[in-house]
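The sequence and the model are shown first, and the description follows.

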Amino acid sequence: MNSSTPGVEAALHARRAASFGAKAAAYAAHRPDYPEKALAWGLGGERNTPEHVLDLGAGTGKLTGGLLALGLVVTAVEPDAKMLEELTKTFPAATPLIGTAENIPLPDESVDAVVVGQAFHWFDLDRAYPEMARVLKPGGVVVALWNHDDESVGWLAEFNALIKTSASRRWLSDYESLPEHEAFEPFEKKTFGHKQPRTAETLVETLATHSHMVVVPAEEREAKLRTAREFLDRNPETASGEFDLPLTTTVFRARKR
Ligand SMILES: C[S@@+](CC[C@H](N)C(=O)[O-])C[C@H]1O[C@@H](n2cnc3c(N)ncnc32)[C@H](O)[C@@H]1O
């Protein structure tokens, strides 16, 4: 067996999907939020005026905070109790529920939008699409967002090539569209510029919360984080004090048929 064996890949996927709770506090402190204009476009702008939204795979609430700031009523569904505990501390206005995308603990036709930050790739879509369609009201939208490093910036592309681990894989958002489902119209896609204030030290903290780092053996992780810090300390853009980490937010949206 090797790493391209389907069973090995499925096991790695499951380990990565369940890896976040061990780093819940660091996740809350070091992961980026989402730009308001990306959320507004995803939710449909003038075509759609949602009131009650489901943040699915809500984690520590990086997306929940943005949705609350738009004046929306937010239910946050998340399988990991430690992640949800962080969310509840920071965003008591949201309703937290333990659950998964494959088994959403909400009634039929109860939300105007299902919004997913950096989590769609963990879902079993054959089961999650029918569940998302079930909880959405007629005409509701599903919105999937990802923050990525903007690799058109030379040093960041070089940095990311250096810090790949044996668990690194491609993201769904690298594709032109997401897998289609009969319950939804085809996805539309748009990207937005974004940034996160970082220092060499806090960027290494961010890296340490990525699932491809969390699940590899400690020796590999420590070596990669050391490589990361050495690069950032000698790279002129990141060597001294605070800098803006250039990010791209990719948004997909699709209306329920
Ligand atoms: C990278 S974190 C994203 C958290 C948050 N949405 C954000 O934007 O920061 C991925 C989250 O998806 C959750 N997750 C993993 N598998 C899931 C599933 N099948 N259904 C719902 N959430 C899932 C994880 O527990 C984790 O909190």
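Helix α4 spans residues 62–69, and its buried residues are K62, L63, T64, G65 and L67. The residue G71 follows α4 and has a positive phi, near 85°. The model in which these features occur is a predicted one.

**Aromatic pairs**

Aromatic contacts form the next topic. A pair of aromatic rings is described by the distance of the centres and the angle of the planes. The structure holds 13 aromatic pairs. One of them joins F20 and Y27 in an edge-to-face arrangement, with 5.9 Å from centre to centre and 85° between the planes. F20 counts as buried because its relative accessibility is 14%, under the limit of 20%. Y27 is likewise buried, with a relative accessible area of 10%.

F120 and W146 form a further edge-to-face pair, with centres 6.3 Å apart and an angle of 75° between the planes. F120 lies in the loop between β4 (111–117) and α6 (125–135), whereas W146 belongs to strand β5 (residues 136–149), so this pair ties together parts that are 26 residues apart in sequence. How buried are the two partners, in relative accessible area? The value is 1% for F120 and 0% for W146, and each residue is therefore classed as buried.

**Salt bridges**

The structure holds 10 salt bridges.

| Salt bridge | Closest N and O atoms |
|---|---|
| R134 and D108 | 2.8 Å |
| D124 and R127 | 3.3 Å |
| D244 and K195 | 4.0 Å |

R134 is partly exposed, with a relative accessible area of 25%. D108, by contrast, counts as exposed because its relative accessibility is 51%, over the limit of 50%.

In the salt bridge of D124 with R127, D124 counts as partly exposed at 31% relative accessibility. R127 is partly exposed as well, with a relative accessible area of 49%.

D244 and K195 form a salt bridge. This pair links distant parts of the chain: D244 lies in strand β7 (residues 243–255) and K195 in strand β6 (residues 188–198), 49 residues apart. D244 is partly exposed, with a relative accessible area of 43%, while K195 counts as exposed at 52% relative accessibility.

Salt bridges can also be joined through partners that they share, and in this way D108, E131 and R134 are brought into one network.

Key
Residues numbered from 1 in each chain as written. Predicted model: local features only at pLDDT ≥ 70, side-chain atom pairs only at ≥ 80, totals over all residues. Heavy atoms only, no water. Phe/Tyr/Trp six-rings, centres within 6.5 Å; stacked < 30°, edge-to-face > 60°. Buried < 20%, exposed > 50% of the residue type's maximum accessible area, 1.4 Å probe, protein only. Helix = DSSP H or I, 4+ residues; strand = E, 2+ residues; numbered from the N terminus. Salt bridge = Lys/Arg side-chain N within 4 Å of Asp/Glu carboxyl O.
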